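Colleague: Hi! Could you walk me through this model?

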Amino acid sequence: MEQTDRGSYKSYRTQETLAQQFWHSCLGKLTVLAAIIGVALFIAYLTVPDEQTMMEEMTDNIRQCIEANDSIKTDWIDDAVNNVSYIFTHADSIPDGAIDETFDKYNKVVYKRHTFYASAMLLNNFRPEGVCAGIGVFNIVIPTVNFNDFLMRVGPMHKGYDQKILQRTVIKGSESFGSDPELGL
């Protein structure tokens with residue numbers, strides 16, 4: 001029995017151009033993907049936000065985060081939704097000077113430029129190593145702020161300076177510790 005479509009299959013494979021053969025190969029698809037990524041990286045390199053733009057947007061985003069805080073513990077989804085909305089909105093036109101002074105007194109925002117993006121690091125005594133407060137890429141500042149990262153007030157850790165931080169407590173009648181003179185038993 002003879003196959004009737006053998007000739008048409010052979011003629012289809014031989015009629016492909018070199019460009020079509022390259023496109024259908026795995027190497028061709030990887031080359032096109034690498035070119036697309038290269039163009040995206042080149043555009044990202046050209047559109048990294050400068051320090052002034054980044055600091056203005058981060059100040060606005062931080063002000064919005066402080067104003068939105070209503071002492072309710074939120075989860076990461078609420079923070080993510082708020083941060084996305086901060087990209088498209090602005091804080092009140094009349095800033096609260098006392099809140100800005102308090103924030104500036106205990107916190108510092110530092111701009112860092114990288115090759116394809118910029119970042120804003122939030123530094124304070126609570127987080128001396130810094131925490132990423134925002135990322136700037138394609139001339140857009142994407143906030144990653146969380147109110148729990150801010151240091152807004154500082155107070156004493158104990159009531160008086162003559163009081164010891166760690167006090168010895170004596171547990172009487174406990175059989176689990178045995179008799180230890182250091183514990184007062």
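This is a predicted model: local features need pLDDT of at least 70, side-chain atom pairs count only at pLDDT 80 or more; totals for chains, interfaces and linings use all residues.

Colleague: Thanks! In what order do the elements run from the N terminus?
Modeller: The order is α-α-α-α-α-α-β-β-β-β. Helices (H or I, at least four residues) and strands (E, at least two) are DSSP runs, numbered from the N terminus.

Colleague: And what is the strand order in the sheet?
Modeller: The sheet is open, ordered E1-E2-E3-E4 with antiparallel pairing; strands pair if DSSP finds at least two bridges between them. E1 and E4 (140-143) are the edges, each with a single partner strand, so one side of each lacks a neighbour in the sheet.

Colleague: How many bridges join E3 and E4?
Modeller: They pair over 4 bridges, and Ile135 has Ile142 in E4 as its bridge partner.

Colleague: Switching to the core: which residues touch the most other members?
Modeller: Among the 18 residues of the largest nonpolar core, they are Met58, Ile62, Phe103, Leu122, Val145 and Phe150. Such a core is a set of buried (under 20% relative accessible area, 1.4 Å probe, protein chains only) Ala, Val, Leu, Ile, Met, Phe, Trp, Tyr and Cys residues joined through side-chain atoms within 4.5 Å.

Colleague: Which element gives the most to this core?
Modeller: H4 does, with 5 residues.

Notes:
Residues are numbered from 1 along each chain as its sequence is written. Side-chain values use heavy atoms; hydrogens and water are left out. Buried means under 20% relative accessible area, exposed over 50%, partly exposed in between (1.4 Å probe, protein chains only).
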